[in-house]
Amino acid sequence: MSTLDQLPVPLLLWYRENARDLPWRRDPTPYRVWISEIMLQQTRVAAVLEYYRRFLEEAPGPAELAALPEDRLMKLWQGLGYYSRARNLQKAARQIMEEYGGVFPNTYESIRSLAGVGDYTAGAIASLAFGLPRAAVDGNVLRVVARVTGDDGDISTPAMKRKVTEALEEVIPIEAPGTFNQSLMELGALVCLPNGAPLCDRCPVAEFCRARKEGRTGELPVKAAKKGRRVEERTVWLLFHEDQVALRRRPSRGLLAGLWEYPNGLSGEDSLAAWGLTPSSVTPAGIGVHIFSHIEWRMRAMLGELPSEDLPEGWVWADRRELRDTYAVPSAFACFAGKVEERLRRDRP
Ligand code: ADE
């Protein structure tokens, strides 16, 4: 990997003028940086802002987070996806309470030992909150470095991540490691854009960027194609009794673990019979698609009226208020929210 020696000065000057004013940058305590970095994995800044505000209001520190009831935690995360992130946050908050007396650990290794904290997040907290000279290498940073150095290594491999981490730790300015890392992320987010569309005319390091010099910004970074998604056809049951809709809790492990859902099953299976339910009427209620990282759900909803309040073990009835305030139903089912709302309004405006 060619040297990155020339990177820090122009990048830091550019960042001073161009950094976005983001809440976790204003008061970068380890706790605030940690929550923001976990939320920002897989999720855009604009989508995170409101979640971040609400989360810190309800869990302003590790003690409050450790004590949060599971359903509250899931409700705070509802819509962000990748819910194991939230569960790991709570696990780690309990580690901080039990193993570190409620004080956020302050070495790279101890931060890295927290649940859900990988190399990237440990590097981000260590540098942004503690001023330690550690790199924080995520997809944005890999893209920037692969282009600047003209490296065609596959950025989805651990070997390339290690190479980039080592190259950055050789040049990270000892007096401003956090600002340096943020400036790299910011360049990736605002200028060195993915999918062959970088804004090189606004780039502070364009003059020594190898990809630009060699006309290869469209080819770099190199990233192995991901495996395809499995498609599942599912029938989703919107089951009502008076002013309530039936929900069931998903299993405690796996996809959307522990969240609440409209009962559903693979299309072609006779779910109603398996559940022992006999609606008095059944009507089609629309279709929806939800794409997860490795599965695609193609859903067909059916609306059913249940004459009795009896439900299978572990299911609950939720009215409009409970649906809004109590039960975390993931975005996968958001395509049916309008139908549910419309039907619940009918019985109680
Ligand atoms: N994406 C990941 N971490 C970020 C940060 N600290 N600021 C802005 N975008 C980010």
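I started with Glu-261, which counts as buried because its relative accessibility is 2% (buried means under 20% relative accessible area with a 1.4 Å probe, protein chains only). Bookkeeping: this is a predicted model, with local features needing pLDDT of at least 70 and side-chain atom pairs pLDDT 80 or more, while totals for chains, interfaces and linings use all residues. Residues are numbered from 1 along each chain as its sequence is written, and side-chain values use heavy atoms, leaving out hydrogens and water.

I placed Glu-261 in strand β3, residues 260-261 (strands are DSSP E runs of at least two residues, helices H or I runs of at least four, numbered from the N terminus). Leaving aside residues up to four places away in sequence, I listed Ala-246, Leu-247, Arg-248, Arg-250 and Phe-333 as touching Glu-261 (contact: heavy atoms within 4.5 Å).

Next I looked up the domains: domain 1 is 2-213 and domain 2 is 230-345, with bounds from an automatic or database domain assignment. Their C-alpha centres lie 36 Å apart. The contact takes 10 residues from domain 1 and 16 residues from domain 2.

What salt bridge did I find for Asp-71? Asp-71 pairs with Arg-249, the closest N and O atoms being 3.3 Å apart (the rule wants a side-chain nitrogen of Lys or Arg within 4 Å of a carboxyl oxygen of Asp or Glu). The rule finds 1 salt bridge across the interface of domain 1 and domain 2. On the domain 1 side touching domain 2, I noted that helix α6 (residues 70-77) gives the most, with 5 residues.

Technical notes:
Buried < 20%, exposed > 50% of the residue type's maximum accessible area, 1.4 Å probe, protein only.
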